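Have a look at the picture first, then read on.

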Amino acid sequence: MHLFFVILICLLTTVENIWPSIIGFQNTPANSVFLGTVHHSDDYFYYLSQFTQGATRWITTTDLFTGESLPETFVGWSNVLTGRIFHLIGIPAIPAYQITIAIWTFLLCLSAYKLALLILKDKHKALLSLILFVLYHSFPIFRDNHWTYADYWNNFSVPRVRFGGVPHQLLLSTLSVLTLSLLLEKKRILMAVSSFLLASLQPVLWLLIVVSTACTTFVQYLQKPKKSFSSLYSLLFTLLLFFSGLPAAIYLNTIFSTLPFSQLKIWEATQQVPLKLTGFFLAMGPIFIIALLSLYIFLWKRKYERFIIFSFALLSLTLLMSPIPQIARLTNIRFMSALAILCISIIAADGLMHIKSRILFISLIFVLGILVIPNHIRTVKMSSDFTPSNAYEYLSTSDFNFLSSLKTIGKPTDTFLVLWPYNMPFPALTGKRSYHGHPLLTINPSVKNANAAAFYDENLTNEKIQEFIVNNDIRYIIAYPWQTSLYQLSYLKVLQQTNNLVVFEVILENL
């Protein structure tokens, strides 16, 4: 029966997390296709393009949102590998993306229960930890004449951030929980593999686990200096955790020092979220308050596994509120995670289970449900608000089929000039390179946006058009059929056309 409740909670959480996808598909207008856009559209199409690349690759990817020919990297390896697996069984990228969200949400919840069980060594406490983890939300507040919840950008207290619709983020959250579990179970090889994979996806989260483990080992030594063998054993595991993930972290740091990824680093350095103490407590929610009140009881036993949970949560929250992220040129939100919320939930669950009065315990859980469950409903509604006229969310069946068919045209290295707004979904639907698109993954985006706008606004002379095409090595152009001036150019040949879109091939011999 206990296992049934664990599975049920995991399933319900999965359904809640994929509900926006279900609504998006369900509300698709006639003669339209839902693109599966369940989070920020620019990022979604970038991640989806990695899934699409799985049709021809295994673990390497390339940025398809800039005209330059870039080397293959391992950035986004999990997405392309997942896309590859689904491609082999005949499932396209868009449904594969949504299915992956469901799979990793379920596995994250199971992993969370396992870690809680390792820490608390009581299945009832572990079950309560899981319940608190999935229910975790901010305090409700009254703002702008209606009830909502306290929030800040990328607040992990909000389920849509903690779980959300990004497969690799769910994977790295699962890996962080598994890494800590394997460390406590002293499974060296599996822990090393998990550490390496985590560092390849999120080096900051990996490093937080390493530092938390090191701090815990140091405290263990101070408590029992005579029992040096136990401390030495923990130190060896800490070193293994560090050195197994170090190569992947160094690789990512090197890659993100080059274009276009260096643009992401520059952008992130500016994304500091100032948090005042009152706003912080409101955004952290009622379960955080319970955890604070439970700390003394939780740490009373002075167990290694308990202190590592406390250490990770404390380190994460301290760095979130400190100036250190800005000095390191990282957003402070980078130091929060689903694992931190899980740690807080475990501490809170341990405290609640020490309540002897059943009436008081039930009353607290009831009040907690009233505070957070309506916020879950609000979050789901906000995430399910799709606009049929938004081309980043829905395309007409004709446009979708037209763009998708272009995956068979040209070579993988060919550059397509695609008009807005199709330039964003185009790489994700075809696996082909677009001249411009994602604002942080297009090299020199402002220049390219201006060049493309001048071209499609028909503000360029014939000589300037030829110069633009040659200098940017453009092989295909997607435009509207009513841009009649393009038909007059001898070096452009119509390949396919619908009532709404046309694709031209550039005839190099005629340039």
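Predicted model: local features only at pLDDT ≥ 70, side-chain atom pairs only at ≥ 80, totals over all residues.

Strand β5 (residues 415–418) runs parallel to β6, and two bridges join them. Both belong to an open sheet of five strands with mixed pairing, in the order β6-β5-β7-β9-β8. At the edges sit β6 (433–434) and β8 (492–497), each pairing on one side only. A helix comes in here too: α18 (residues 397–405) lies across β7 (474–479), β8 and β9 (502–506), and it runs at about 125° to β8.

Next, a pair of helices. Helix α13 (residues 286–299) packs against helix α14 (residues 304–321) at an angle of about 140°, and their axes are 11 Å apart. Because of that angle, α13 is oblique to α14. Their crossing is left-handed. Here is who makes the contact:

| Helix | Residues in the contact |
|---|---|
| α13 | Phe 288, Leu 295, Ile 297, Phe 298, Leu 299 |
| α14 | Arg 306, Phe 307, Ile 309, Phe 310, Leu 317 |

Sort these residues by type and you get nine nonpolar, no polar and one charged.

So how confident is the predictor? The protein has a mean pLDDT of 94, with 99% of its residues at 70 or more. Confidence is highest in helix α3 (residues 77–88), at a mean of 98, and lowest in helix α10 (residues 228–255), at 88.

Definitions and conventions
Residues numbered from 1 in each chain as written. Heavy atoms only, no water. pLDDT = per-residue confidence, 0-100. Helix = DSSP H or I, 4+ residues; strand = E, 2+ residues; numbered from the N terminus. Axes fitted to C-alpha atoms, helices over the stretch in contact; angles between N-to-C directions. Parallel < 35°, antiparallel > 145°, perpendicular 65-115°, else oblique. Left-handed = near helix turned anticlockwise from the far one by under 90°. Contact = heavy atoms within 4.5 Å. Nonpolar A, V, L, I, M, F, W, Y, C, P; charged D, E, K, R; others polar. Pairing = 2+ DSSP bridges.
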